[in-house]
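Here is a walk through one protein model with its ligand. Keep the sequence and the 3D view side by side while reading.

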Amino acid sequence: MDYVILDGQILDRNKAKVDIEDRGYQFGDGIYEVIRVYNSTFFTADEHLTRLFQSAEKIGMTLPYTLEELKNLLASLVKRNNINDGTIYLQFSRGVAARQHHYPDKDVKPAFTAYTKEIERPKDKLKKGVHAKLVEDVRWLRCDIKSLNLLGNIMAKQEASEAGCFEAILHRGSTVTEGSSSNMFIVKDGIIKTHPATNLILNGITRRVIMDICKEQNITIKEEEFNIEELLAADEIFLASTTSEVMPIVKVIGESFETEEPGEITRKLQAGFEKKIALQCGE
Ligand SMILES: Cc1ncc(COP(=O)(O)O)c(C=O)c1O
């Protein structure tokens with residue numbers, strides 16, 4: 001049987017029903033996280049949950065748990081569902097209230113839901129690399145919040161997917177920001193560049209792990225804007241996210257960037273990432 005969390009209770013998925021006037025359902029008024037589970041153990045859970053609390057604060061929402069309480073509850077669900085390699089998705093909406101745009105009264109509690117999924121690591125793609133497509137970034141100006149509102153992201157992903165690509169590389173004018181569900185990196189002459197953690201991107205947890213690996217391995221990484229021209233002239237491109245890990249991009253379709261295989265720095269970071277997983281989750 002598959003269990004989920006609804007308002008703090010673990011229950012059978014078939015019995016979990018969400019109210020039609022949940023603000024997450026009506027407005028996308030809420031926040032979420034996706035945490036990776038390797039070998040039945042959370043990877044970077046504290047970092048994800050800290051970002052969740054920061055997202056909540058940014059939208060004026062108070063979560064009715066401490067980080068530790070939340071982590072324990074999520075761990076019970078992972079255990080209950082016997083997840084070995086997979087993810088846990090969790091979201092808090094601003095709660096259930098009669099539909100009106102402004103925030104409801106303070107006594108309306110955020111609605112908390114979570115579920116797990118058993119998924120394998122994308123080993124083949126990590127080895128061979130994936131294709132990507134440039135798509136204009138038309139999202140709002142608070143991309144630093146991990147909000148339930150993902151229309152801009154999903155429309156970009158759809159455009160990339162229809163072109164046979166794994167990811168959309170988003171750009172605002174000539175500046176590359178991030179992927180539709182990942183952060184973007186280029187390598188030129190041994191130096192990595194990624195967009196700074198401003199309001200224009202989500203500061204990914206995988207991005208931060210990569211920065212730690214770079215520090216440990218003396219690889220130069222600059223949090224600096226780069227443009228489409230630099231992207232296409234790069235030696236290597238890769239993306240990073242919780243589910244895609246350190247994913248090489250070997251072709252930007254319709255453009256001049258194409259490599260035979262993933263580059264050397266990308267490979268080094270992938271190896272570093274494996275070690276981080278092994279260290280935390282013992283795989
Ligand atoms: C827009 C966006 N940027 C970046 C990321 C990567 O973040 P993380 O490494 O925390 O998964 C995600 C993940 O879903 C995302 O949706």
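**From the loops to the ligand**

D7 sits in the loop that links β1 (3–6) and β2 (9–12). The model is a predicted one. D7 is not a glycine, yet its phi is positive, at about 50 degrees. Most residues other than glycine have a negative phi. How exposed is D7? Its relative accessible area is 47%, so D7 counts as partly exposed.

A second residue with a positive phi is N39, at about 55 degrees. N39 is not a glycine either. Look for N39 in the loop between β3 and β4 (41–43).

Now step back into strand β3, which spans residues 30–38. This strand holds E33. Is E33 buried or exposed? E33 has 0% relative accessibility, so it counts as buried. From E33 to I277 the sequence separation is 244 residues. In space, their C-alpha atoms are 19 Å apart.

Next comes helix α8, residues 264–281, where Q270 is found. Q270 has a relative accessible area of 13%. The cut-off for buried is under 20%, so Q270 is buried. Which side chain does Q270 contact? The partner is R267, and the polar contact between the two side chains is 2.7 Å.

Turn to the ligand. How many residues surround it? The count is 18, and the closest are R51, E178, I205, T206 and T242. Sorted by class, this shell has 11 polar, four charged and three nonpolar residues.

On its own, the ligand has 390 Å² of accessible area, and the protein covers 91% of that.

Where does the ligand sit? The space it takes is the largest pocket. Which elements give two or more residues to the shell around the ligand? They are the helices α2 (45–58) and α6 (205–216), together with the strands β9 (175–179) and β14 (236–241).

Methods: Residues numbered from 1 in each chain as written. Predicted model: local features only at pLDDT ≥ 70, side-chain atom pairs only at ≥ 80, totals over all residues. Heavy atoms only, no water. Near = heavy atom within 4 Å. Areas by Shrake-Rupley, 256 points an atom, 1.4 Å probe, with all protein chains shown as cover. 1 Å grid on protein atoms, 1.4 Å probe; cavity = no way out; pocket = protein on both sides within 12 Å on 5 of 7 lines; lining within 4 Å. Sits in = over half its atoms within 2 Å of the grid points. Helix = DSSP H or I, 4+ residues; strand = E, 2+ residues; numbered from the N terminus. Nonpolar A, V, L, I, M, F, W, Y, C, P; charged D, E, K, R; others polar. Buried < 20%, exposed > 50% of the residue type's maximum accessible area, 1.4 Å probe, protein only. Polar contact = N/O pair within 3.5 Å; in protein donor to acceptor, adjacent residues only side chain to side chain.
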